[in-house]
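Here's a quick briefing on a predicted model. Have a look at the sequence and the fold, then work through the notes below.

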Amino acid sequence: QMSLTPAGQIFYEDSESFALHMQTIIKNVKAAGEGNTGILRITLPLVLQPALQQALSSMKKTRSGVQIVLEAYDFNEIPSAVRHGLYDVGVTYEFASYFDSGEENGSLACLPLREETFCLLVPAKYGGSHAQEVMQKMMDRIPLLTPSHVEPPFLKALLAELQSHLQAKIIASRTVNTTESVFMNVSAGLGFALIPQAWQDFYGGREEVAFIPLTEIPQSRCNVVLLYKPGSLNQAAEHFLHLVEREKGM
């Protein structure tokens, strides 16, 4: 019979632990080489999450080792958050990506995801009518509400077209601090608003408001886009971008 010496027993136990540790190292290195590790940071408004839902589902299946961090930001703040490296990618409206002034604006790449049409968000009692009828009813009663932090370049053109199309006089307006505040004020009957289609998709079941399409007005369209910094993406973000492009047939 043979048996290990005390020194041999210690060597055996440490060797077994070392072998298991090496297996873990090899597994981790292989996962890293395949892009199945790391962190993917994404930011977008809650109402735009459906634009990424399929890509997120594919990401979880194909890169299960990647930790996905998904956080909400106001759509106008997303370009700055992506450009300064707080997030790998961000989803917002195309017009919002031009508000973040500065020489570095060109550092962001823009991937179109879908087109949306603006609609009128009005208190429920004004619903069930065409835009022209609603505007004529609301003109002298409640103001147009806009978020104070954003003024899309096309907003003046859209308002001018709206006034011309509806044969309405100059529209009185008032600002509040966020898009959510716009929704709350309209819900309370304190005004009406121009908002993208995603808000109707998200809040369409609310009884205190109504949504009226503006599809007949060309200026009422806007693009939802994914923003990222070329050359700064980690492997996880690169793979996610590829999934989004494949989903959109690019």
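Glu208 counts as partly exposed, at 28% relative accessibility; for these notes, buried means under 20% relative accessible area, exposed over 50%, and partly exposed in between (1.4 Å probe, protein chains only). Before you go further: this is a predicted model, where local features need pLDDT of at least 70 and side-chain atom pairs count only at pLDDT 80 or more, while totals for chains, interfaces and linings use all residues. Residues are numbered from 1 along each chain as its sequence is written, and side-chain values use heavy atoms, with hydrogens and water left out.

**Salt bridges**

- The count comes to three salt bridges, where a salt bridge is a side-chain nitrogen of Lys or Arg within 4 Å of a carboxyl oxygen of Asp or Glu.
- Glu208 pairs up with Arg206, with the closest N and O atoms 2.6 Å apart; Arg206 is partly exposed at 34%.
- Arg114 and Glu116 meet through their side chains, 2.6 Å from N to O. Arg114 is partly exposed at 28%, whereas Glu116 is buried at 4%.
- Lys248 and Glu247 make a salt bridge too, their closest N and O atoms being 3.5 Å apart. Lys248 is partly exposed at 30%, and Glu247 is partly exposed at 27%.

**Nonpolar cores**

- The largest nonpolar core has 63 residues; such a core is a set of buried Ala, Val, Leu, Ile, Met, Phe, Trp, Tyr and Cys residues joined through side-chain atoms within 4.5 Å.
- Strand 4 (residues 109–123) gives the most to this core, with eight residues. Strands here are DSSP runs (E, at least two residues), numbered from the N terminus.
- Among the residues with the most contacts inside the largest core are Leu52, Tyr93, Leu120 and Phe240.
- Leaving aside neighbours within four places in sequence, Tyr93 is in contact (heavy atoms within 4.5 Å) with residues including Phe75, Glu116, Trp199 and Val225.
- As a general point, nonpolar side chains in soluble globular proteins tend to be buried together.

**Strands 5 and 6**

- Strand 5 (residues 144–147) is covered on both faces: Leu144 and Thr146 are buried on one side, and Leu145 and Pro147 are buried on the other.
- Strand 5 pairs with strand 6 (residues 173–176) in the parallel sense, over four bridges; pairing takes at least two DSSP bridges between the strands.
- Within strand 6, Arg174 is the bridge partner of Leu145.
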